[in-house]
Amino acid sequence: FDMIDIWACGILMYLIFSGTHPFKATNNFELCRRIVNDQVNFNGPEWKAVSNEAKSLIRGMLTKNPSKRLNLEEL
């Protein structure tokens, strides 16, 4: 596992819990901009039943700075 694998797993976990992508966009340029600039949010009604621990795990996996992102041992 490297840090991009952790990121990808975080994206998949977000999709599994919510049924939607954490960075919604209509084209690739907007998607890249959102990935770089937007923070992951858990505001939708689908997140009300999800534990704070699960949200914290996903947030840690989707930390933008790879050196601050959760690593395999921390998962």
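Tutor: In this predicted model, a residue is called exposed when its relative accessible area is over 50%, and buried when that area is under 20%; partly exposed is the class in between.

Student: Why is Ile-16 called exposed?

Tutor: Ile-16 has a relative accessible area of 71%. The cut-off is over 50%, so Ile-16 counts as exposed. Ile-16 belongs to helix 1, residues 3-18.

Student: Which residues make the nonpolar surface patch?

Tutor: Leu-12, Leu-15 and Ile-16 make the patch, with an area of about 300 Å².

Student: Which residues of helix 1 are buried?

Tutor: They are Ile-6, Trp-7, Gly-10, Ile-11, Tyr-14 and Ser-18. These residues cover an arc of only 145 degrees around the axis, and therefore lie on the same side of helix 1.

Student: Why is Ser-18 counted as buried?

Tutor: The relative accessibility of Ser-18 is 14%. Buried means under 20%, so Ser-18 is buried.

Student: What does the side chain of Ser-18 reach?

Tutor: Two backbone oxygens: that of Tyr-14 at 2.8 Å and that of Thr-20 at 3.0 Å. Both distances fall within the 3.5 Å cut-off for a polar contact.

Student: What makes the pair Glu-30 and Arg-34 a salt bridge?

Tutor: The rule asks for a side-chain nitrogen of Lys or Arg within 4 Å of a carboxyl oxygen of Asp or Glu. The N to O distance between the side chains of Glu-30 and Arg-34 is 2.9 Å, so the pair meets the rule. Both residues lie in helix 2 (residues 28-37), four residues apart, about one turn of the helix.

Student: How many salt bridges are there by this rule?

Tutor: Two. Besides the pair Glu-30 and Arg-34, there is a salt bridge between Arg-34 and Asp-38, with the closest N and O atoms 3.2 Å apart. Shared partners join Glu-30, Arg-34 and Asp-38 into one network.

Student: Is Glu-30 buried or exposed?

Tutor: Glu-30 is at 18% relative accessibility. The limit for buried is under 20%, so Glu-30 counts as buried.

Student: Why are Arg-34 and Asp-38 placed in another class?

Tutor: Arg-34 is at 25% relative accessibility, and Asp-38 has a relative accessible area of 25%.

Student: Where is Lys-64 found?

Tutor: Lys-64 is in the segment after helix 3. Its relative accessible area is 29%, so Lys-64 is partly exposed. Lys-64 and Leu-12 are 52 residues apart along the chain, and their C-alpha atoms are separated by 16 Å.

Student: Why is Glu-74 called partly exposed?

Tutor: The relative accessible area of Glu-74 is 48%. Exposed requires over 50% and buried under 20%, so Glu-74 is partly exposed. Glu-74 lies in the segment after helix 3 (52-61), and its side chain reaches the backbone nitrogen of Asn-71 at 2.8 Å.

Terms used
Residues are numbered from 1 along each chain as its sequence is written. This is a predicted model: local features need pLDDT of at least 70, side-chain atom pairs count only at pLDDT 80 or more; totals for chains, interfaces and linings use all residues. Side-chain values use heavy atoms; hydrogens and water are left out. Helices (H or I, at least four residues) and strands (E, at least two) are DSSP runs, numbered from the N terminus. Buried means under 20% relative accessible area, exposed over 50%, partly exposed in between (1.4 Å probe, protein chains only). A polar contact is a pair of N or O atoms within 3.5 Å; within protein, one must be able to donate a hydrogen and the other to accept it, and residues adjacent in sequence count only if both atoms are side-chain atoms. Patches are made of residues with over 30% relative accessible area and no salt bridge: like charges are joined within 9 Å, nonpolar side chains (Val, Leu, Ile, Met, Phe, Trp, Tyr) within 5 Å. Accessible areas come from the Shrake-Rupley method with a 1.4 Å probe; for residues, only the protein chains shown count as cover. The arc is that of the directions from the helix axis to the C-beta atoms.
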